[in-house]
Amino acid sequence: MDFGFTRDQIMLRKSMREFVDKEIKGEYARDLDDDLSKMFIDESMWQKIKDLGIFAASVPEEYGGLGGSIIDDVIISEEFARGSTAVAMSFGATTGFGARSILFGGTEEQKRLYLPQIAEGEIKFAMAVTEPAGGTDLLGAITTTARPEGDHFIVSGQKIYITNAHMADYILTLVRTDETTRKKSKSLTLFLMPVKDNPGVKIVPMKKFTIKGASACEVFFDNAKVPAENMVGELHNGWYVLLKTLNHERIIVAALTNGIGQAALEDMVAYAKKREAFGRPIGQYQSIQHKIADTAMELELAKLITYKAAWLLEAGKPCHMEAVMAKVFSSEMAFKAGTRGLDIFAGYGVTLECDMQRYFRDSRQCTFSPISNEMARNFIAEQFGLPKSY
Ligand SMILES: Cc1cc2nc3c(=O)[nH]c(=O)nc-3n(C[C@H](O)[C@H](O)[C@H](O)COP(=O)(O)OP(=O)(O)OC[C@H]3O[C@@H](n4cnc5c(N)ncnc54)[C@H](O)[C@@H]3O)c2cc1C
């Protein structure tokens with residue numbers, strides 16, 4: 001057993017940390033969060049991230065990338081989220097829903113077409129699975145349909161809460177293509193829906209109080225055309241292609257929340273050393289020390305399960321349970337870290353110039369998205385042979 005990172009991974013973390021400390025942490029992250037007209041990183045930040053070369057990390061060398069592993073995705077996501085969850089999501093939607101989903105289920109032609117553009121940071125992706133009828137009972141809720149017409153499919157229906165859809169060039173979209181079969185998981189197909197210049201697609205960002213620098217959008221498909229060649233995986237088999245992408249997404253959300261937890265821990269330690277009460281730094285009081293110790297312990301455990309899940313997925317081994325465990329444990333760890341952080345920062349903690357309130361808000365979203373922690377616990381219990389409770 002080896003708990004060490006490779007030399008390249010250590011270098012990747014170091015350069016990510018330097019970039020985030022210089023360009024994102026502090027003013028940029030606060031401004032992106034405060035200004036609801038943005039809901040996405042601006043073009044100059046996208047360009048800086050492009051210049052870092054990390055869009056290529058998720059893409060194999062033969063398609064113009066650096067051939068990085070899912071461990072690299074985790075390192076990048078964790079370090080971005082240490083500065084801003086919104087920036088991490090702006091980056092991760094493209095590398096996760098774009099590069100990884102195409103690698104998991106795309107044809108050779110799709111890989112040759114899309115992956116070099118992703119590696120260059122030229123195109124952006126989102127993923128639309130959830131519908132207004134509910135995200136937890138996903139298979140039951142999907143009513144968006146696609147019917148074949150010539151060399152296209154025609155899509156009608158609605159998706160909701162879709163991260164960064166308003167900026168995407170393509171939305172990986174799950175639709176029902178067979179309304180006759182009783183087995184719902186065999187009635188769904190995945191498409192890369194082109195967004196630009198597609199009159200059948202309408203996107204409306206929603207205002208929210210968590211991860212405000214990344215949008216959650218309503219997406220309306222009104223007889224929207226998608227070329228048949230944009231199908232990812234086979235007809236009616238989209239659910240099974242999607243499962244690997246969902247595991248990757250859960251691991252990345254665990255990594256994001258570990259980044260939030262890391263930021264909260266660093267900030268609470270610094271404040272505990274600086275802020276004084278009764279003539280002493282508050283870090284001298286045991287109640288403050290224990291909050292810091294609990295956060296440090298839980299953060300360490302959250303990172304361990306996240307890296308284990310990433311390692312399993314990269315190795316092509318089953319990781320459904322570990323991915324879900326990482327997502328539940330890490331998101332709850334980060335929310336507890338934000339809560340303890342607010343206890344330690346007290347009055348200053350709730351002001352918008354203090355990042356702790358943002359960690360508290362941003363981590364909360366991750367306890368029910370992309371899968372609710374209740375549903376995740378159902379999956380974990382079912383792995384032990386217990387019956388489905390729903
Ligand atoms: C900001 C944000 C961004 C998002 N981004 C995306 C995205 O990019 N793409 C996308 O496709 N989706 C996205 N989602 C959707 C997200 O995946 C869903 O919100 C999530 O799956 C929960 O679905 P729901 O909100 O419809 O809750 P519901 O399904 O209505 O659940 C409500 C409550 O009931 C509980 N519940 C339901 N069934 C059970 C059960 N069997 N056992 C125990 N408890 C149960 C849930 O745990 C939850 O507490 C996003 C959501 C948000 C808020």
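**From a loop methionine to the ligand shell**

Methionine 39 is found in the loop between helix 2 (27–34) and helix 3 (43–52). The model is a predicted one. Methionine 39 is not a glycine, yet its phi is positive, at about 55°. Most residues other than glycine have a negative phi.

The domain assignment divides the chain into domain 1 (7–124), domain 2 (127–237) and domain 3 (239–382). Take domain 1 and domain 2. Their centres, taken over C-alpha atoms, are 23 Å apart. On the domain 1 side, 21 residues are in contact with 24 residues of domain 2. The size of an interface is often given as the accessible area lost when the parts come together. Between domain 1 and domain 2, the buried area is about 2000 Å². Carbon and sulfur atoms give 65% of that area. Met39, Phe97 and Lys124 stand out here: they supply 32% of the area that domain 1 buries against domain 2, more than any other three residues.

Now turn to the ligand. Which domains each give at least three residues to the shell around the ligand? Domain 2 (127–237) and domain 3 (239–382) do. In total, 21 residues surround the ligand. The closest are Thr130, Gly135, Thr136, Tyr161 and Ser372. By class, the shell has ten nonpolar residues, nine polar ones and two charged ones. Three elements supply at least two shell residues each: strand 1 (125–128), strand 3 (152–163) and helix 12 (373–382).

Several polar pairs involve the protein backbone. A backbone N or O atom of tyrosine 161 lies 2.6 Å from a nitrogen atom of the ligand. At glycine 135, a polar backbone atom is 2.7 Å from a ligand oxygen. At proline 370, a polar backbone atom is 3.0 Å from an oxygen atom of the ligand. On its own, the ligand has 980 Å² of accessible area, and the protein covers 70% of this.

Is the peptide bond from serine 369 to proline 370 cis or trans? The bond is cis, with omega near 10°. Most peptide bonds are trans.

How values were computed:
Residues are numbered from 1 along each chain as its sequence is written. This is a predicted model: local features need pLDDT of at least 70, side-chain atom pairs count only at pLDDT 80 or more; totals for chains, interfaces and linings use all residues. Side-chain values use heavy atoms; hydrogens and water are left out. A residue is near a molecule or strand if one of its heavy atoms lies within 4 Å of it. A polar contact is a pair of N or O atoms within 3.5 Å; within protein, one must be able to donate a hydrogen and the other to accept it, and residues adjacent in sequence count only if both atoms are side-chain atoms. Accessible areas come from the Shrake-Rupley method with a 1.4 Å probe; for residues, only the protein chains shown count as cover. Helices (H or I, at least four residues) and strands (E, at least two) are DSSP runs, numbered from the N terminus. Ala, Val, Leu, Ile, Met, Phe, Trp, Tyr, Cys and Pro count as nonpolar, Asp, Glu, Lys and Arg as charged, and the others, Gly among them, as polar. Domain bounds come from an automatic or database domain assignment. Contact means heavy atoms within 4.5 Å. Buried area is the accessible area (1.4 Å probe) that two parts lose on being put together, summed over both.
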